[in-house]
Every structure is written in structure tokens, then in C-alpha cells.
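Please keep the sequence and the structure in view while reading.

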Amino acid sequence: MIKKAIILVLAWLIVLPVAAQQTTDSLPSGGRKKVAVVLSGGGALGAIHVGALKVIEEAGIPVDMVVGTSMGSIVGALYSVGYNSDDIAKMFRTMDWVELFLDRNAQNRLTLSERDEQNTYIYERDFYVGDSQDPRPGGVIRGTNVERVFGHYLKDYADSINFLRDLPRQFACVATDLVDDDQVVLTHGSIVRSIRSSMSIPGVFTPVRLGDMVLVDGGAKNNFPADVARELGADIVIGVKFDGVINPNKQFRSLMDVMERSAGSDVSRRSKENEKYCDLLIKVPVTGYSSGSFTRKALDSLMQRGEDATRAKLDSLMLLKAQSGADYKYKNLTHPREITSLVDIEDDERGLLDLRKNSTVVASIGARYDNEDIVAFQLNGHYYMGGKVNKDLDLTLRLGLRSMLRLGFDMEPWKFKKMGLGYEIWYKYNDLYTRGHRSANMSVIYQKANVKLFSLDAMNFDCELGVGWEHYHFFKGLWNEYNEMTINKDEHYFNYHLRLRYNNEDNRYFTHRGMRTEAQLGYYTDNFAQWKGHSGFTSLMAMWQMTFAITPNTHIRPRLQTRMVFGDDIPVTAFNVIGGPTYGKYFPQQLPLEGFGHSEFFDSKFVSASLRVQQRIIGRHYAMLDASVAEHNDKLGDIFDRKPIWGAQLSYFYNTGFVGPLGCSLGWSSHTHRVHFYVSLGLEF
């Protein structure tokens with residue numbers, strides 16, 4: 001017996017080093033077992049992963065691999081390149097998720113005309129013409145912002161790489177191939193395109209074409225890819241998924257409901273089956289939230305729930321740490337990185353985009369409501385013809401109390417330098433006011449033709465030199481005792497005009513920084529040379545405004561503006577029109593003035609100054625306080641002789657992003673002595 005025991009001991013001593021060596025060769029450095037974390041999809045519900053990773057880090061669990069689907073792939077990719085849970089939490093909190101999932105471009109990456117269009121229309125769609133390739137097949141949204149933003153955060157790994165070899169942590173994500181209706185495990189190539197594929201909701205985002213494959217959201221086939229982690233060699237698998245309770249009587253009426261149901265882990269057979277591959281399964285309750293809960297408050301709550309659910313499993317985590325062979329004092333390796341805001345990303349990628357699409361029709365639609373115009377819709381179509389001299393044909397139709405048809409044709413002999421023709425006709429139903437009292441309401445047909453002799457349309461700056469014709473035809477006018485003006489039934493004039501604009505503001509409606517300035521000079525005649533037998537009259541308009549940050553959430557914006565008309569026999573239609581919410585709302589020469597809800601005719605020399613305090617309350621909620629002072633007179637030398645006009649306005653707006661601001665304002669001025677209430681829902685046009 002003793003002899004046999006000695007032989008067994010000798011055999012064990014001989015075999016053990018060999019077995020140990022074989023095992024060590026297949027494990028991470030240090031002789032540990034390979035640990036993988038698996039992150040499920042679920043849209044905004046994926047915020048739970050951030051909280052879970054925080055506890056995993058604190059416990060010192062070695063994470064050698066991350067495998068994810070959809071939002072899990074986004075969190076997983078960031079974690080794999082070295083961001084820690086605090087970094088990713090900051091991204092989640094500062095990210096404008098609405099803008100991220102749209103195709104809207106940063107303001108400072110567009111020409112001013114492209115910026116005007118983006119700030120007018122809520123949706124744009126491309127259509128191919130003839131043999132041209134469809135620029136957006138199979139989806140409503142291109143996902144360009146997803147690739148731009150995460151391309152910035154993952155820029156050190158933007159080239160084609162092997163995710164299992166070239167990253168600080170191994171990474172893989174799952175997509176679905178529409179061609180063979182099966183899952184695709186992405187482990188090499190562009191990490192940005194891979195996560196873009198994994199989160200491409202079918203029918204919403206354009207599929208990603210990779211070789212012969214057409215890839216969409218991996219949640220359609222494998223929303224919890226724990227099996228993939230095992231196939232890639234993980235010895236220990238920690239799975240994180242949301243634990244949602246589905247109401248059997250739910251009607252799934254909204255897109256978010258359908259997305260949540262399609263990605264729901266508890267109703268996915270494969271997702272449930274994959275739970276068996278986990279050594280530790282962390283299921284996080286998400287009752288009260290859905291795939292679309294991208295508000296700051298909801299994301300914070302979901303991250304906290306992920307942290308709480310994982311902390312409740314801390315004892316199990318520590319057992320897995322011991323089983324992995326990791327040192328008791330092991331700390332996760334992270335690569336400290338600077339987390340920038342989306343504004344900083346825009347600066348980092350500053351550069352003019354050429355959005356022209358040759359042989360392509362681009363259709364856009366806008367819609368808005370306010371308590372003066374009621375409901376208005378605007379449709380636009382651009383036909384980009386291309387060719388040696390770029391040409392495009394533009395057609396715009398507006399429907400509402402102010403209806404309009406516009407036609408335009410532009411040629412671009414040199415890049416960003418254009419020549420063209422334009423014509424537009426408006427039907428406008430206007431209320432005119434005198435000292436705050438409605439003095440008339442009338443209908444007018446306004447026509448305008450324009451020859452663009454030269455224009456430069458570039459990033460932040462444009463200018464135009466041209467010749468134009470304007471015609472007013474008034475009818476159905478109703479006047480009362482407050483009226484002090486006489487308007488001719490028909491009025492027309494020819495003009496020579498020059499316009500200069502500069503604008504580097506980061507946002508049209510909720511500006512955080514930047515300057516906007518504009519100057520217009522016009523000379524008006526009735527026969528291209530004279531006005532009523534003598535020299536023509538001249539108009540000069542100028543404005544300047546600039547936004548300064550006081551705190552990250554508080555901004556001030558001073559503004560100066562003036563419009564002056566010089567000459568004799570100036571028609572009423574060329575007088576200064578002051579008031580209303582925006583430039584040119586009811587009359588082409590109209591200037592807004594805080595505190596003036598309605599528009600009025602003022603004297604020919606006008607100047608004003610205003611100051612806005614903009615406060616971001618929380619999330620997308622904003623409050624604005626405006627104060628203004630103005631002077632006007634028919635003689636320039638006497639413009640400051642009168643008592644100044646004061647105005648004030650308090651506003652609240654909710655920034656929806658692509659639909660536009662939703663809010664209301666309350667204003668008062670010393671000129672009208674009346675309070676004006678205005679409701680505005682949507683982008684201005």
C-alpha cells in the first residue's frame with residue numbers, strides 16, 4: 001500500500017506542473033480565469049448597466065471581456081476601450097439623446113442656408129432619381145449622429161481592428177442579418193459601425209451594409225448574448241439584464257411600447273434560455289420606465305437601480321472573484337479619459353459639410369401652432385441636379401393663415417458661390433395695431449421676385465447682391481377708430497439690395513454661445529432709377545447679438561438692432577414694423593421687440609437694445625426673462641428726444657429637439673400698456 005501511495009504521489013507531482021502549464025496558457029495573464037460581462041439591449045433601460053459596472057469595479061472583479069446587444073453594445077464598447085462607470089454615467093447624463101438619434105447636424109457644420117432649413121423642418125427624406133442609389137434605404141433615420149458622437153469617444157479605435165486582440169478589454173456585439181435572418185457576432189472591423197449595427201432598430205434606422213450582410217438591431221435575434229460570451233472562451237459569465245413586468249392587457253399603441261416589447265427579456269425565449277450560461281445573473285427591476293425613457297431623471301434612476309440590484313449580489317460577486325483566481329486586492333484597469341460635451345465634439349469636428357446630393361430629391365416637412373397663426377404646415381422639395389455647374393430647383397409650399405408658394409433655381413459655378421432666380425407669392429391675413437389696440441385687419445397678396453447676381457453661402461457667413469421686385473395688393477380691409485394710417489390698395493417697387501450675415505451660434509432657439517449679426521441695405525425705385533419722379537428711398541437694417549455663459553445653466557444675450565429709412569414719399573409698406581416674436585413674421589421688414597406681442601408701424605428711424613437672461617431649469621426646461629428699450633422718430637437727429645419705450649417679457653419653453661420649442665410668453669410694454677400672452681409650439685417659419 002505504501003509503495004502504491006508513493007507511486008501515486010510521484011505521478012501527481014509529475015503531471016501537476018504539465019496540467020497547470022496547459023491551463024495557464026489558455027487563461028488571462030496571471031493564471032486567472034477569463035471573466036465576461038454580458039449586457040442586454042433595451043434602449044434607455046440600458047442605463048442599468050452603468051450602475052452594475054460601478055459595483056463590479058468597486059468589488060475588484062476582473063473584467064476581461066464585454067459582450068452586448070443594442071444599448072448594451074454601446075455601454076460595452078465604451079467600457080472595453082477603458083472608460084470606467086463614472087465616465088459612462090457622465091456621458092449618459094450630458095448626452096442629448098433626442099439629437100443623438102436624429103440626423104440633424106451641428107449648427108457650425110452647415111452653411112447658413114442649410115442651417116435655416118434645418119431650423120425650419122422637423123423631418124427630411126431623400127429620394128433617389130433615375131439610376132442614382134437610394135441615399136437612405138430601409139430606414140427613416142441614417143444614424144449619422146450616432147456614428148459622429150461615438151466616433152469621437154472611440155476615436156483611438158476608429159480604424160478596422162480586432163476587438164478580441166486590440167482593445168484593453170475584449171469586446172463583441174450582436175447584430176441581426178436581414179439576408180439570412182440570423183445573428184451575427186461582430187468581433188472585428190470598425191467598432192463604431194459595429195455598435196451602430198447592433199442598435200439599428202428595424203424600420204427606424206437605416207440598416208448597416210457590411211459585405212453581403214444587411215445588419216439591424218441584434219435584439220431581434222439575441223438580446224442577451226450570454227451564449228456568445230461562452231463561445232468566445234469566457235470561463236465566468238456575469239449577466240446584466242432588465243427585469244420588466246409586461247402587462248398582458250397592454251395594447252402597445254406607441255412606438256416605445258412596441259420597441260420595449262420586441263426587446264423585452266422576460267418574453268424572449270432565447271433570452272431566457274441564455275440565462276443558463278451565466279454564473280451570476282443580475283436582473284434589475286425597471287417598472288415605470290420604458291425603452292424611450294431618456295430623460296435625465298429617468299436615466300439617473302435606472303443607473304441607481306442597476307447599482308442597487310448589483311450591490312445586493314455583492315457576496316456572490318466576491319465568490320466569483322475568488323473563483324477567477326484574481327488577487328484579493330485586484331483593481332480593474334481603466335484608461336482615464338477626458339469626457340467632453342456634445343458642444344466640444346462639434347468644435348473638435350468643426351468643418352463644413354457639403355450636403356448636396358446629386359440627382360436626388362430631398363423632401364422636408366414642418367409644422368407648428370401658435371395662438372395667432374393657429375396651425376401652419378410647410379413643405380419643401382429640393383431637386384439637386386448636379387453636373388459640371390451644380391444646379392438645384394427649390395419648391396416650397398406653406399399652408400395656414402399666411403400661405404405661400406415659392407420657386408427658386410440656383411446655379412453654383414464655383415463652390416459656395418451662387419447665382420439664381422426666385423419668385424414667391426403670399427396670402428396674408430394681418431391684424432394691425434396702434435398703441436396696443438387692434439386698428440385694422442386686412443388681407444394682402446404679396447409678391448416678390450429676385451435675381452441673385454452673386455451670393456456666397458459658407459460656414460457661418462453669407463452675403464447676397466441682387467435685384468428684386470415687390471408688390472402689395474390689399475383687400476378686405478376693416479378699419480376702426482384707432483387707425484392712423486392710409487395704405488394704398490396697390491404698391492410696388494424695384495430694389496437693389498445687399499445682405500451680409502454672420503452666425504456662429506450653437507443653437508437657434510436655446511443659444512449657449514456664439515454671435516449673430518446681420519446687415520441689409522436696399523435702394524428702392526419704381527422704374528429702376530427713380531421713385532415718383534425723384535431719387536429713390538433707402539433702407540438700412542442692422543442687428544447684433546451675442547450670448548455669454550454666466551454659469552453652465554445661465555446665459556445672457558444682449559442685442560442691438562436698428563432699421564432706418566431715408567428718402568421722400570416713403571410708402572407705408574416700407575415703414576418700420578416692430579413687434580411680434582420673430583424677424584419678418586408678418587412683413588418682410590419686421591423687427592421683433594420684447595414686450596410687443598403684436599406688430600405696429602413705427603417711424604422711419606428706429607433703434608432698440610434688449611437683454612435676455614436664459615436659465616436652464618432642469619433637463620430640457622428653460623425660463624427666459626427679456627427686457628428691452630427702444631426709440632423712434634422720423635428725424636435721425638431727434639431720435640432720442642422722445643421718452644423711451646420699455647418692454648419686458650417672461651417665457652417658459654421645453655426643448656423637444658427636432659419638433660422645436662414648446663412654450664409660452666407673457667409680455668408688457670410702456671407703449672401699449674397691455675399684457676400680451678403668446679403660445680408657440682414648434683419650429684418657427
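The largest nonpolar core has 68 residues, and those with the most contacts inside it are Leu-78, Phe-92, Phe-150, Leu-154, Ile-191 and Ile-238. A nonpolar core is here a set of buried Ala, Val, Leu, Ile, Met, Phe, Trp, Tyr and Cys residues joined through side-chain atoms within 4.5 Å, where buried means under 20% relative accessible area, exposed means over 50%, and partly exposed covers what lies in between (1.4 Å probe, protein chains only). In soluble globular proteins, nonpolar side chains tend to be buried together. Leaving aside neighbours within four places in sequence, Leu-154 is in contact (heavy atoms within 4.5 Å) with Ala-77, Leu-78, Val-81, Ile-191, Val-192 and Ile-195.

The model is a predicted one, in which local features need pLDDT of at least 70 and side-chain atom pairs count only at pLDDT 80 or more, while totals for chains, interfaces and linings use all residues. Residues are numbered from 1 along each chain as its sequence is written, and side-chain values use heavy atoms, with hydrogens and water left out.

**Helix α4**

Helices (H or I, at least four residues) and strands (E, at least two) are DSSP runs, numbered from the N terminus. In helix α4, which spans residues 85-94, Ser-85, Asp-87, Ile-88, Ala-89, Met-91 and Phe-92 are buried. The cover over these buried residues includes α2 (48-58), α3, α5 (97-100), α7 and α12 (296-311). The N-terminal end of α4 is capped by Asn-84, with a side-chain oxygen 3.1 Å from the backbone nitrogen of Asp-86.

**Aromatic rings**

How many aromatic pairs does a search of the whole structure find? The search finds 18, a pair being two rings of Phe, Tyr or Trp (its six-membered ring) with centres within 6.5 Å, counted as stacked if the planes are under 30 degrees apart, as edge-to-face if over 60 and as tilted for the rest. One of them joins Phe-150 and Tyr-153, a tilted pair at 6.5 Å centre to centre with 55° between the planes. Both residues lie in helix α7 (residues 144-153), three residues apart, or about one turn of the helix. Phe-150 counts as buried because its relative accessibility is 1%, and Tyr-153 counts as buried because its value is 3%. The rings of Trp-531 and Phe-537, by contrast, have centres 5.3 Å apart and planes at 80°, and the pair is therefore edge-to-face. Trp-531 and Phe-537 are both buried, and together with Tyr-493 and Tyr-524 they form one aromatic cluster.

| Charged end | Ring | Distance from ring centre |
|---|---|---|
| Lys-241 | Phe-224 | 4.9 Å |
| Lys-428 | Trp-426 | 4.8 Å |

Gln-545, found in strand β25 (residues 537-551), counts as buried because its relative accessibility is 4%. A polar contact of 2.9 Å joins the side chains of Gln-545 and Glu-505, and the residues that Gln-545 touches, beyond those up to four places away in sequence, also include Gly-514, Met-515, Arg-516, Arg-557, Pro-558 and Arg-559.

His-382 belongs to strand β15 (residues 374-384) and is buried, with a relative accessible area of 8%. Its side chain makes a polar contact of 2.7 Å with the side chain of Glu-117.

**Positive phi in two loops**

Ser-70 has a phi near 55°, a positive value in a residue other than glycine, and lies in the loop between β2 (65-69) and α3 (71-80). Is Ser-70 buried or exposed? At 9% relative accessibility, Ser-70 counts as buried. His-673 likewise has a phi near 55°, but this residue, in the loop between β32 (661-669) and β33 (675-681), is exposed, with a relative accessible area of 58%.

Key. Lys NZ or Arg CZ within 6 Å of the ring centre and 35° of its normal. Polar contact = N/O pair within 3.5 Å; in protein donor to acceptor, adjacent residues only side chain to side chain.
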